[in-house]
Amino acid sequence: MNVFYFIIQQTMYFAIPLLIVALGGMYSERSGIVNIALEGIMVIGAFAGIFFINMAQAGRIANLHGNTLLLAAIFVAGVAGGLFSLLHAFAAVNMKADQTISGTALNMFAPAFVIFSARTFQRVQQIPFNDEFHINNVPVLSKIPFLGPMFFENCYITTYIGILIFIFAAFIIQYTRFGLRLRSCGEHPGAADSVGVNIYIIRYLGVIISGILAGIGGLVFVVPTSTNFNASVAGYGFLALAVLIFGQWRSRNIFFAAFFFGIMKTLASAYSIIPVIKNLSVPNEVYKMIPYIATLIVLAFSSGNSQAPKAEGIPYDQGDR
């Protein structure tokens with residue numbers, strides 16, 4: 001049973017950042033802007049958040065500690081991701097550039113910028129931090145039979161933040177006026193423009209929201225899985241795109257897809273403590289390939305049944321409103 005609890009806890013570490021980033025990608029793509037720059041935005045958000053934590057723990061800036069510091073770092077990561085995503089929004093919306101090329105350029109720029117900045121400010125590429133955010137157990141809730149050890153022991157506050165983000169993101173895009181306008185700008189921009197919706201602003205907001213969530217997701221990925229940041233999020237931005245496609249651009253489906261890939265990632269990293277898998281004479285490299293093999297298989301079978309929301313162009317004669 002302890003192994004089962006451990007697997008669930010590890011799955012949370014991997015699934016929650018995937019969920020947050022994929023939801024961000026959903027907002028951008030439902031507005032009509034393809035955002036494959038999620039990887040680069042995650043790198044920028046993680047860098048900003050971890051650098052803030054490093055400076056705070058060194059006593060150079062705000063006197064914050066524990067989860068208060070982590071919450072402040074999440075805010076910093078979100079702001080950094082949102083600002084960085086403005087580059088993609090400007091290229092895609094104002095300049096009408098190829099969105100794939102724009103996203104690829106940002107993915108290439110982000111790690112180089114982070115490495116340059118880290119070496120400029122600290123003379124080393126890695127940015128270390130102390131993990132003072134781990135929660136051994138949540139009072140009262142950890143005593144709940146079965147559920148307590150799974151969700152309220154050996155956890156991080158980022159898990160609960162990720163669940164709250166999912167609830168708010170799903171509600172906003174499905175049940176609010178803004179969500180309706182966002183979806184209409186992606187599916188029928190001409191109709192949206194005819195009733196006075198400013199397509200430029202809505203698409204900007206969609207991309208900025210995706211940037212904020214991707215920036216947060218970058219930090220949420222690094223904190224539980226490492227004690228330093230080395231300008232990489234291990235391809236999680238691209239995995240989030242796979243989650244987005246597998247989830248068919250729907251928040252509820254994305255939730256289940258994120259946890260599916262989270263379990264695959266857990267099996268790849270924690271296979272040595274699972275008795276059934278440990279006893280198999282399979283090379284270690286095969287287990288590390290599991291998440292990516294699963295990605296290829298899932299996308300191969302789901303590509304024929306899923307289709308991205310159709311995004312027509314902004315009417316040139318009316319889009320300047």
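This briefing covers the overall fold, the charges and a set of individual residues.

The model is predicted: local features need pLDDT of at least 70, side-chain atom pairs count only at pLDDT 80 or more, and totals for chains, interfaces and linings use all residues. Residues are numbered from 1 along each chain as its sequence is written, and side-chain values use heavy atoms, with hydrogens and water left out. The protein chain has 14 helices and 4 strands. Helices (H or I, at least four residues) and strands (E, at least two) are DSSP runs, numbered from the N terminus.

**Overall shape and surface**

- The radius of gyration of the protein chain is 20 Å, close to the 20 Å that the globule rule gives for 321 residues, so the chain is as compact as a globular protein of that length. The radius is taken over C-alpha atoms, and the rule is 2.2 Å times the number of residues to the power 0.38.
- Along its principal axes, the C-alpha trace spans about 65 × 50 × 40 Å.
- Of the 321 residues, 52% count as buried. Buried means under 20% relative accessible area, exposed means over 50%, and partly exposed lies in between (1.4 Å probe, protein chains only).
- The protein chain exposes about 15100 Å², and carbon and sulfur atoms supply 66% of that area. Accessible areas come from the Shrake-Rupley method with a 1.4 Å probe; for residues, only the protein chains shown count as cover.
- Among contacts with a separation of 6 or more, 77% join residues 24 or more positions apart. Contact means heavy atoms within 4.5 Å.

**Charges and the salt bridge**

- The protein chain carries 17 positive and 12 negative charges, and their mean positions are 4 Å apart. Lys and Arg count as positive, Asp and Glu as negative; His and the chain ends are not counted. Each charge is placed at NZ of Lys, CZ of Arg, CG of Asp or CD of Glu.
- The count comes to 1 salt bridge. The term requires a side-chain nitrogen of Lys or Arg within 4 Å of a carboxyl oxygen of Asp or Glu.
- The side chains of R30 and E187 form a salt bridge, at 3.3 Å from N to O. R30 lies in helix α1 (residues 2–30) and E187 in helix α7 (residues 177–187), so the pair ties together parts that are 157 residues apart in sequence.
- R30 is buried, at 6% relative accessibility. E187 is partly exposed, with a relative accessible area of 27%.
- E29 also has its place in helix α1. E29 is buried yet has no salt bridge; the nearest side chain of opposite charge is that of R30, 8.6 Å away.
- Beyond its neighbours within four places in sequence, E29 contacts V34, N35, L241, L244 and W249.

- H88 sits in helix α3 (residues 66–94). H88 is buried, with a relative accessible area of 0%.
- Leaving aside neighbours within four places in sequence, H88 is in contact with I33, V34, N35, Q99, S102, G103, L106 and V207.
- H134 lies in the loop between β1 (127–128) and β2 (135–137). H134 is partly exposed, at 32% relative accessible area.
- H134 touches Y13, N154, C155 and Y156, not counting residues up to four places away in sequence. H134 and G66 are 68 residues apart in sequence and 8.7 Å apart in space, C-alpha to C-alpha.

**Positive phi**

- Most residues other than glycine have a negative phi.
- N154, not a glycine, has a positive phi of about 50°. N154 is found in strand β3 (residues 153–155) and is partly exposed, with a relative accessible area of 32%.
- A234, also not a glycine, has a positive phi of about 60°. A234 is in the loop between β4 (228–229) and α10 (236–246) and is partly exposed at 38%.

- A97 is in the loop between α3 and α4 (99–122). A97 is partly exposed, at 32% relative accessibility.
- Leaving aside neighbours within four places in sequence, A97 contacts A91 and A92.
- N198 is in the loop between α8 (189–194) and α9 (199–225). N198 is partly exposed, with a relative accessible area of 22%.
- N198 and K278 are 80 residues apart in sequence and 57 Å apart in space, C-alpha to C-alpha.
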